[in-house]
Amino acid sequence: MIKEPTNDLPLILAVDDEASNLQLLRHILQDQYRLLFAKDGPRALELARQERPQLILLDVMMPGMTGYEVCRLLKADEATAAIPVIFVTALSDASDEVVGFDAGAVDYITKPVSPPIVRARVRTHLSLVRVDELARTRLEIVQRLGLAAEYKDNETGLHVIRMSHYSRILGRAAGLSEAEADDLLHAAPMHDVGKIGIPDSILRKPGPLDEDEWKVMQSHATIGGNIIGQHAGGMLAMAHQVAMTHHEKWDGSGYPNGLSGREIPLVGRIVAIADVFDALTSARPYKPEWPIAKAVEYLEQQRDKHFDAQLVDLFLKQMPALLEIKQRWAEQTAAA
């Protein structure tokens, strides 16, 4: 038997206690969308949980359970909280709209409805849903690429979790906005993604690398930059900077390009400190965990050598928050 392809048109749930209003919405939207219908709040909640529509058109004045109550319950349920709700109602006072937005709605359409307005509002909010879905998908891909590098390197995933949170904390202290710091949190796990391209014989060699092997190992920064690619802006552009520059050193002795001082992007300088601090304070097959005091002493010794001195000072001022992160993930390791 040939399986027919699944209909991929967006799914919309329309909720109204008047059959004529549902029939009108059907007429307006049926050519471009798949439609579900409910005539009361409980049925609407049931369908929303079962079918996960991309959008809900919701009447306000319904017997038994008002649209405001339905919306609040939708937003309180993790399974349906992200579904945008547009109220379609005869209530047109500004105060009614305020109540609707407070309940969690994204828009308000007044009755009698205008077909062009309904189509335009639906199209706009479904576009926003698509943008959110793409952003979530992109983030998941980035995270999984970082995870692939961890498997290749035989390193615990907790390292990238801790160092990513350290990077975010230092980023905020260094003046990054909340949005920029969140981008850094998600970009930092990609710092060593280029190790995917390093032969296992070098990556997992138990002893020290010879000169030729070290050159190959250093190429992981450029490989990582090539994997992530060039981007005009946003989190992936930041991830590219991190991959390419987190092994550069303030005094110019790092790799791959021998950048120095403020030639090194801020995010690369931040991740360099976070990465080294976590590596020093974590047990590895080739070394025991360093005490915090010894790691702090190393960072201070490397001011204006490996690291940006101002960032080192800011990092050390955040030590209580850093140790809280370290303890949190150490406890999760023990529990596992």
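Two strands pair if DSSP finds at least two bridges between them. Hi everyone, let's keep that in mind for strand β1. What we have here is a predicted model, where local features need pLDDT of at least 70, side-chain atom pairs count only at pLDDT 80 or more, and totals for chains, interfaces and linings use all residues. Residues are numbered from 1 along each chain as its sequence is written, and side-chain values use heavy atoms, with hydrogens and water left out.

A word on names: helices (H or I, at least four residues) and strands (E, at least two) are DSSP runs, numbered from the N terminus.

So, what does β1 pair with? Strand β3, residues 55–58, runs parallel to β1 and is joined to it by four bridges, with V15 opposite L58. Strand β2, residues 34–38, also pairs with β1 in the parallel sense, over five bridges, and there L11 faces R34.

Is β1 buried or exposed? Five of its five residues, 11–15, are buried, so the strand is largely enclosed by the rest of the structure. Buried is under 20% relative accessible area, exposed over 50%, and partly exposed in between, with a 1.4 Å probe and protein chains only. In a regular strand the side chains alternate between the two faces of the sheet. Here both faces are covered: L11, L13 and V15 are buried on one side, I12 and A14 on the other.
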